[in-house]
Amino acid sequence: MNIRRGREADLPQVLALIQELAEYEKAPQEVTNTLADMQRDGFGPEPIFKFFVAEDAAGVIIGIALYYTAYSTWKGRMLFLEDLVVTENQRGTGLGRQLFDAVVAEARHTGVNRMKWQVLKWNEPAIGFYKKLGANLDPEWDNGNLSHEQLHAYACHPAAEAAVQQG
(Lines give C-alpha, C1' and ligand atoms only; values in the text may rest on other atoms or scores of the structure.)
Protein backbone atom coordinates (compact mmCIF):
# COMPACT_ATOMS: atom_id res chain seq x y z
CA MET A 1 0.00 0.00 0.00
CA ASN A 2 1.12 3.50 -0.76
CA ILE A 3 -0.44 6.69 0.67
CA ARG A 4 0.24 9.82 -1.38
CA ARG A 5 -1.25 13.16 -2.36
CA GLY A 6 -3.89 12.94 -5.05
CA ARG A 7 -3.24 14.04 -8.62
CA GLU A 8 -5.55 15.07 -11.42
CA ALA A 9 -4.96 11.77 -13.21
CA ASP A 10 -6.44 9.99 -10.16
CA LEU A 11 -9.84 11.62 -10.50
CA PRO A 12 -11.59 8.91 -12.55
CA GLN A 13 -10.75 6.32 -9.88
CA VAL A 14 -11.62 8.80 -7.11
CA LEU A 15 -15.04 9.44 -8.64
CA ALA A 16 -15.60 5.68 -8.88
CA LEU A 17 -14.88 5.34 -5.14
CA ILE A 18 -17.27 8.20 -4.40
CA GLN A 19 -19.94 6.35 -6.37
CA GLU A 20 -19.13 3.16 -4.45
CA LEU A 21 -19.62 5.09 -1.19
CA ALA A 22 -22.97 6.40 -2.42
CA GLU A 23 -24.05 2.81 -3.15
CA TYR A 24 -23.01 1.79 0.37
CA GLU A 25 -24.97 4.72 1.81
CA LYS A 26 -28.01 3.70 -0.26
CA ALA A 27 -28.03 6.97 -2.21
CA PRO A 28 -26.38 6.38 -5.61
CA GLN A 29 -28.76 8.82 -7.32
CA GLU A 30 -27.43 11.64 -5.11
CA VAL A 31 -24.02 11.77 -6.82
CA THR A 32 -24.29 14.52 -9.40
CA ASN A 33 -20.62 15.48 -9.32
CA THR A 34 -18.77 14.89 -12.59
CA LEU A 35 -15.19 14.33 -13.60
CA ALA A 36 -15.16 17.79 -15.24
CA ASP A 37 -16.45 19.36 -12.00
CA MET A 38 -13.76 17.62 -9.99
CA GLN A 39 -11.04 18.66 -12.44
CA ARG A 40 -12.16 22.28 -12.23
CA ASP A 41 -12.67 22.27 -8.46
CA GLY A 42 -9.52 20.38 -7.54
CA PHE A 43 -7.06 21.46 -10.21
CA GLY A 44 -8.50 24.57 -11.88
CA PRO A 45 -7.47 28.18 -11.27
CA GLU A 46 -9.14 28.25 -7.81
CA PRO A 47 -8.83 24.74 -6.31
CA ILE A 48 -11.16 24.15 -3.38
CA PHE A 49 -10.33 20.59 -2.35
CA LYS A 50 -7.35 18.28 -1.96
CA PHE A 51 -7.10 14.58 -1.32
CA PHE A 52 -4.89 11.67 -0.40
CA VAL A 53 -5.10 8.30 -2.09
CA ALA A 54 -4.18 4.81 -1.05
CA GLU A 55 -3.04 2.68 -3.93
CA ASP A 56 -2.10 -0.98 -4.17
CA ALA A 57 1.07 -2.37 -5.75
CA ALA A 58 -0.57 -2.26 -9.20
CA GLY A 59 -1.38 1.46 -8.83
CA VAL A 60 -5.11 0.91 -8.34
CA ILE A 61 -6.64 3.45 -5.97
CA ILE A 62 -8.36 1.59 -3.15
CA GLY A 63 -9.00 4.46 -0.76
CA ILE A 64 -9.32 8.23 -0.63
CA ALA A 65 -9.51 11.00 1.94
CA LEU A 66 -10.89 14.19 0.40
CA TYR A 67 -10.69 17.40 2.43
CA TYR A 68 -10.81 21.18 2.20
CA THR A 69 -10.05 24.20 4.35
CA ALA A 70 -13.03 25.80 6.04
CA TYR A 71 -13.42 28.62 8.52
CA SER A 72 -14.92 28.72 11.98
CA THR A 73 -15.92 32.10 13.37
CA TRP A 74 -14.97 30.83 16.82
CA LYS A 75 -11.79 28.88 16.01
CA GLY A 76 -10.49 30.25 12.70
CA ARG A 77 -9.05 27.97 10.01
CA MET A 78 -10.16 24.36 10.12
CA LEU A 79 -9.83 21.34 7.92
CA PHE A 80 -13.00 19.51 6.90
CA LEU A 81 -12.69 15.85 5.96
CA GLU A 82 -15.45 15.47 3.38
CA ASP A 83 -15.05 11.77 2.69
CA LEU A 84 -12.88 8.91 3.86
CA VAL A 85 -13.54 5.96 1.57
CA VAL A 86 -11.91 2.56 1.46
CA THR A 87 -13.10 0.10 -1.15
CA GLU A 88 -15.19 -2.64 0.43
CA ASN A 89 -12.72 -5.52 0.12
CA GLN A 90 -9.99 -3.46 1.83
CA ARG A 91 -11.98 -2.34 4.88
CA GLY A 92 -10.56 -3.52 8.18
CA THR A 93 -6.98 -3.65 6.89
CA GLY A 94 -5.78 -0.43 8.56
CA LEU A 95 -5.96 1.53 5.33
CA GLY A 96 -8.63 3.90 6.65
CA ARG A 97 -6.42 4.68 9.63
CA GLN A 98 -3.49 5.50 7.34
CA LEU A 99 -5.64 7.85 5.26
CA PHE A 100 -7.07 9.48 8.38
CA ASP A 101 -3.54 9.89 9.75
CA ALA A 102 -2.48 11.62 6.51
CA VAL A 103 -5.30 14.15 6.91
CA VAL A 104 -4.41 14.73 10.58
CA ALA A 105 -0.78 15.28 9.57
CA GLU A 106 -1.94 17.75 6.90
CA ALA A 107 -4.07 19.58 9.49
CA ARG A 108 -1.06 19.92 11.75
CA HIS A 109 1.21 20.94 8.87
CA THR A 110 -1.16 23.68 7.69
CA GLY A 111 -1.73 25.03 11.21
CA VAL A 112 -5.48 24.67 11.40
CA ASN A 113 -7.20 24.92 14.77
CA ARG A 114 -9.75 22.15 14.28
CA MET A 115 -10.55 19.18 12.09
CA LYS A 116 -14.15 18.17 11.46
CA TRP A 117 -16.10 15.54 9.57
CA GLN A 118 -19.53 13.92 9.55
CA VAL A 119 -20.65 10.34 9.92
CA LEU A 120 -24.11 8.93 9.30
CA LYS A 121 -25.88 7.92 12.49
CA TRP A 122 -26.54 4.41 11.14
CA ASN A 123 -22.96 3.77 9.96
CA GLU A 124 -21.88 1.76 12.99
CA PRO A 125 -18.56 0.57 11.46
CA ALA A 126 -17.51 4.19 10.81
CA ILE A 127 -18.71 5.34 14.24
CA GLY A 128 -16.71 2.55 15.85
CA PHE A 129 -13.66 3.50 13.78
CA TYR A 130 -13.77 7.15 14.87
CA LYS A 131 -14.45 6.28 18.51
CA LYS A 132 -11.47 3.90 18.48
CA LEU A 133 -9.33 6.84 17.34
CA GLY A 134 -10.54 8.89 20.31
CA ALA A 135 -12.60 11.34 18.24
CA ASN A 136 -15.54 13.32 19.61
CA LEU A 137 -18.84 12.64 17.86
CA ASP A 138 -21.04 15.60 18.70
CA PRO A 139 -24.72 14.79 19.35
CA GLU A 140 -25.67 18.46 19.86
CA TRP A 141 -25.53 19.59 16.23
CA ASP A 142 -27.75 18.74 13.29
CA ASN A 143 -26.61 19.31 9.73
CA GLY A 144 -28.41 21.84 7.55
CA ASN A 145 -28.56 21.60 3.77
CA LEU A 146 -30.22 23.23 0.80
CA SER A 147 -30.29 21.06 -2.33
CA HIS A 148 -29.56 22.44 -5.80
CA GLU A 149 -33.29 22.75 -6.41
CA GLN A 150 -33.89 24.42 -3.05
CA LEU A 151 -31.07 26.92 -3.65
CA HIS A 152 -32.63 28.00 -6.92
CA ALA A 153 -36.16 28.10 -5.50
CA TYR A 154 -35.13 30.13 -2.45
CA ALA A 155 -36.25 33.78 -2.54
CA CYS A 156 -33.34 36.00 -1.50
CA HIS A 157 -33.88 39.53 -0.26
CA PRO A 158 -33.20 41.97 -3.14
CA ALA A 159 -30.48 43.73 -1.10
CA ALA A 160 -28.64 40.42 -0.73
CA GLU A 161 -28.82 39.79 -4.47
CA ALA A 162 -27.56 43.34 -5.11
CA ALA A 163 -24.61 42.85 -2.75
CA VAL A 164 -23.56 39.74 -4.69
CA GLN A 165 -23.92 41.49 -8.05
CA GLN A 166 -21.71 44.36 -6.87
CA GLY A 167 -18.88 41.92 -6.32
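Which helix holds Glu 106? Glu 106 lies in helix H3, which spans residues 95–110. Helices are DSSP runs of H or I with at least four residues, strands are DSSP runs of E with at least two, and both are numbered from the N terminus.

The model is a predicted one, in which local features need pLDDT of at least 70 and side-chain atom pairs count only at pLDDT 80 or more, while totals for chains, interfaces and linings use all residues. Residues are numbered from 1 along each chain as its sequence is written, and side-chain values use heavy atoms, with hydrogens and water left out.

## Overall layout

The protein has 6 helices and 5 strands. Read from the N terminus, the order of these elements is β-α-α-β-β-β-α-β-α-α-α. Taken along the principal axes, the C-alpha atoms fill a box of roughly 55 × 35 × 35 Å. Of the 167 residues, 33% are buried. Buried here means under 20% relative accessible area, exposed means over 50%, and partly exposed is in between, computed with a 1.4 Å probe on protein chains only. Contact means heavy atoms within 4.5 Å. Among contacts between residues at least 6 apart in sequence, 55% join residues at least 24 apart.

Glu 106 counts as buried because its relative accessibility is 6%. Its side chain makes a polar contact with the side chain of Arg 5, at 2.6 Å. A polar contact is a pair of N or O atoms within 3.5 Å; within protein, one must be able to donate a hydrogen and the other to accept it, and residues adjacent in sequence count only if both atoms are side-chain atoms. Apart from neighbours within four places in sequence, Glu 106 is in contact with Arg 5, Lys 50, Phe 52, Tyr 67 and Leu 79.

Gln 98 is also placed in helix H3. With a relative accessibility of 36%, Gln 98 counts as partly exposed. Between Gln 98 and Ile 3 there are 7.4 Å in space, C-alpha to C-alpha, although the two are 95 residues apart in sequence.

## The H1 and H2 pair

Helix H1 (residues 11–24) packs with helix H2 (residues 35–43) at an angle of about 115°, and their axes are 10 Å apart. H1 is therefore roughly perpendicular to H2. Axes are lines fitted to C-alpha atoms, for helices over the stretch in contact, and angles run from 0 to 180 degrees between N-to-C directions. Angles of 65 to 115 degrees count as roughly perpendicular, under 35 as roughly parallel, over 145 as roughly antiparallel and the rest as oblique.

The crossing of H1 and H2 is right-handed, a term used if the near helix is turned clockwise from the far one by less than a right angle, and left-handed if anticlockwise. On the H1 side the contact is made by Leu 11, Pro 12, Val 14, Leu 15 and Ile 18, and on the H2 side by Leu 35, Met 38, Gln 39 and Phe 43. By class, this contact has 8 nonpolar residues, 1 polar residue and no charged ones. Ala, Val, Leu, Ile, Met, Phe, Trp, Tyr, Cys and Pro count as nonpolar, Asp, Glu, Lys and Arg as charged, and the others, Gly among them, as polar.

## Loop residues

Lys 26 sits in the loop between H1 and H2. Its phi is near 60°, a positive value in a residue other than glycine. Gln 29 belongs to the loop between H1 and H2 as well. Pro 139 is placed in the loop between helix H4 (124–132) and helix H5 (148–153). The accessibility of these loop residues is tabulated here.

| Residue | Relative accessible area | Class |
|---|---|---|
| Lys 26 | 65% | exposed |
| Gln 29 | 53% | exposed |
| Pro 139 | 69% | exposed |

From C-alpha to C-alpha, Gln 29 and Leu 11 are 19 Å apart in space and 18 residues apart in sequence. For Pro 139 and Ala 155, the C-alpha distance is 31 Å and the sequence separation is 16 residues.

## Ser 72 in strand E3

Ser 72 is part of strand E3, residues 61–72. Ser 72 is buried, since its relative accessible area is 10%. A polar atom of the Ser 72 side chain lies 3.0 Å from the backbone nitrogen of Lys 75. Leaving aside neighbours within four places in sequence, Ser 72 is in contact with Met 78 and Arg 114.
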